[in-house]
Amino acid sequence: MVVGGSYGLTTQSDYLTVKYDANGSLQWAVSYDYAGFHDTPIDVRIDPNDNIIVTGASASAINNYDYTTIEYDAWGTQNAIDRQNIVGAGLDSPLAMIRDNAGNIYLTGKVQNGTNIDIRT
């Protein structure tokens, strides 16, 4: 599993998630773009059902980034997406993600509250 950024002809940076098999052969690749703005993946996890969960920061406007988490199934089909604008307009970005045994996802990261930057979990 590889997660990183990519650029399209008409978009700024996008999430790029790529899955390889044990022999290094490409299985699938998917990208995520929101409205042509910057999208930056930060962390990835694979759950016991082989779902891939990717989280990062995704711009919804100039200087306004949201926590954005996407779940893909083992074949690269998007199961769910969650965008969280934590405090309002600002540069919100997750820094880490964990998954508990019950399947819950927890994010921690920074949120911009006006001129201050806070840590939120």
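Student: Where is aspartate 47?

Tutor: Aspartate 47 sits in the loop that runs between strand S4 (39-46) and strand S5 (52-61). Strands are DSSP runs of E, at least two residues, numbered from the N terminus. This is a predicted model, where local features need pLDDT of at least 70 and side-chain atom pairs count only at pLDDT 80 or more, while totals for chains, interfaces and linings use all residues. Residues are numbered from 1 along each chain as its sequence is written, and side-chain values use heavy atoms, leaving out hydrogens and water.

Student: Is aspartate 47 buried or exposed?

Tutor: Aspartate 47 is buried (under 20% relative accessible area; exposed is over 50%, partly exposed in between, with a 1.4 Å probe and protein chains only).

Student: Which side chain of opposite charge is nearest to aspartate 47?

Tutor: That is arginine 99, 4.4 Å away, and aspartate 47 has no salt bridge (a Lys or Arg side-chain nitrogen within 4 Å of an Asp or Glu carboxyl oxygen). For charge, Lys and Arg are positive, Asp and Glu negative, and His and chain ends are not counted.

Student: Which backbone nitrogens lie by a polar atom of its side chain?

Tutor: The backbone nitrogen of asparagine 49 lies 2.9 Å from a polar atom of the aspartate 47 side chain. For the backbone nitrogen of asparagine 51, the distance to a polar atom of that side chain is 2.8 Å.

Student: What is aspartate 47 in contact with, leaving aside neighbours within four places in sequence?

Tutor: Ile53, Glu71 and Arg99 are in contact with aspartate 47 (heavy atoms within 4.5 Å).

Student: New topic. What is phi of aspartate 50?

Tutor: Phi of aspartate 50 is near 65°, a positive value in a residue other than glycine. Most residues other than glycine have a negative phi. Aspartate 50 is in the loop between S4 and S5, and is partly exposed at a relative accessible area of 42%.

Student: And what about phi of alanine 35?

Tutor: Phi of alanine 35 is also positive, near 55°. Alanine 35 belongs to the loop between strand S3 (26-32) and S4.

Student: Why does alanine 35 count as exposed?

Tutor: Because its relative accessibility is 57%.

Student: Last one. Where is serine 60, and what does serine 60 touch?

Tutor: Serine 60 is in strand S5 and is partly exposed, with a relative accessible area of 24%. Not counting residues up to four places away in sequence, serine 60 touches Tyr34, Phe37, Asp66 and Arg83. The C-alpha atoms of serine 60 and arginine 45, 15 residues apart along the chain, are 24 Å apart.

Technical notes: Helices (H or I, at least four residues) and strands (E, at least two) are DSSP runs, numbered from the N terminus. A polar contact is a pair of N or O atoms within 3.5 Å; within protein, one must be able to donate a hydrogen and the other to accept it, and residues adjacent in sequence count only if both atoms are side-chain atoms.
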